[in-house]
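Hi,

Here is the structure I said I would pass on.

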Amino acid sequence: MITLYHCDAARSFRPLWMLEEMGLPYELKMLPFPPRVFAKDYLGINPLGTIPFLIDGETRMTESSGICHYLGIKYGPTPLMVGSEDPAYGAFLNWMYFSDATLTFPQTLVLRYTQLEPEERRVPQVATDYAKWFLGRLRAVEAATANAETLCAGRFTAADIVIGYALRLADNIGLAKDFGPNVAAYWARLQQRDGFKRAVAAEQKAGLEQNVAPRVRA
């Protein structure tokens, strides 16, 4: 059984969504955010104290987009993956890496310096600068969705899952109001997917059952 450690609305939502899209059985363990502060026992499981943490037999993984890639290859074949023989393979890989390295990174600084730090340590200038950074990088998604329903390969793939989470996070921290029209429409489409809805429902259900309150959002 696959076990996924997850916090409400954290980047571990990427593999949770992937699991639901693939219909794989899993156990979801909810933690308060950030777990390294509020669930110190978790450090005995994942010394980094980060989310996600996936256990699959002897496999241990901490990187959300990498976990999605792993699940697609290990438990495929699935149309969520793009093979090396496909002309869209390079674009697919680029979006997979772009999702965290380019999009989610600046968002974490916005989140930290507007919500997570104590009032006296919050730095509005940092939050503003990195929000602009994120929105500038989002131009790539705006361009890719100008004439397409999805990012690559002419279908919904894991690339849409990993980029879609960055849009969910942006929504949660108050940046969605600045989405371009193509990104806004793309994000609306993603939220209508059954797999997305099941992942949100699983997150909410596990939080209630395990008595882990959802994170306060912007």
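First, some housekeeping. This is a predicted model, so to speak of local features we need pLDDT of at least 70, and side-chain atom pairs count only at pLDDT 80 or more, while totals for chains, interfaces and linings use all residues. Residues are numbered from 1 along each chain as its sequence is written, and side-chain values use heavy atoms, with hydrogens and water left out.

Residues 1–79 are 32% helix and 22% strand, with end C-alpha atoms 22 Å apart. Residues 85–215 are 69% helix and 0% strand, and their end C-alpha atoms lie 42 Å apart. Helices (H or I, at least four residues) and strands (E, at least two) are DSSP runs, numbered from the N terminus.

**Where α1 meets α7**

How do the axes of α1 and α7 cross? Helix α1 (residues 13–22) and helix α7 (residues 158–172) have axes that come within 9 Å and cross at roughly 135 degrees. That makes the pair oblique: angles under 35 degrees count as roughly parallel, over 145 as roughly antiparallel, 65 to 115 as roughly perpendicular, and the rest as oblique. The axes are lines fitted to C-alpha atoms, for helices over the stretch in contact, and angles run from 0 to 180 degrees between N-to-C directions.

On the α1 side, Phe13, Arg14, Trp17, Met18 and Glu21 make contact (heavy atoms within 4.5 Å) with residues of α7, among them Ile161, Val162 and Tyr165. By class, this contact has eight nonpolar, one polar and four charged residues. Here Ala, Val, Leu, Ile, Met, Phe, Trp, Tyr, Cys and Pro count as nonpolar, Asp, Glu, Lys and Arg as charged, and the others, Gly among them, as polar.

**Helix α3**

In α3 (residues 64–74), the buried residues (under 20% relative accessible area) are Ser64, Ser65, Ile67, Cys68, Tyr70, Leu71 and Gly72. What covers them includes β1 (2–6), α1, β3 (53–56), β4 (59–61), α4 (89–116) and α7.

**Single residues to look at**

Most residues other than glycine have a negative phi, and most peptide bonds are trans. Which bonds here are cis? The one from phenylalanine 33 to proline 34 is cis, with omega near -10 degrees, and proline 34 sits in the loop between β2 and α2 (35–38). The bond from glycine 76 to proline 77 is cis too, with omega near 10 degrees; proline 77 is in the loop between α3 and α4.

As for phi, alanine 153 has a positive value near 65 degrees. Asparagine 211 lies in the segment after α9 (194–209) and is exposed (over 50%), with a relative accessible area of 72%.

Lastly, glycine 23 is in the loop between α1 and β2 (26–30) and is exposed at 59% relative accessibility. Glycine 23 and glycine 195 are 172 residues apart in sequence, yet 8.7 Å apart in space, C-alpha to C-alpha.

Cheers

How values were computed:
Buried means under 20% relative accessible area, exposed over 50%, partly exposed in between (1.4 Å probe, protein chains only).
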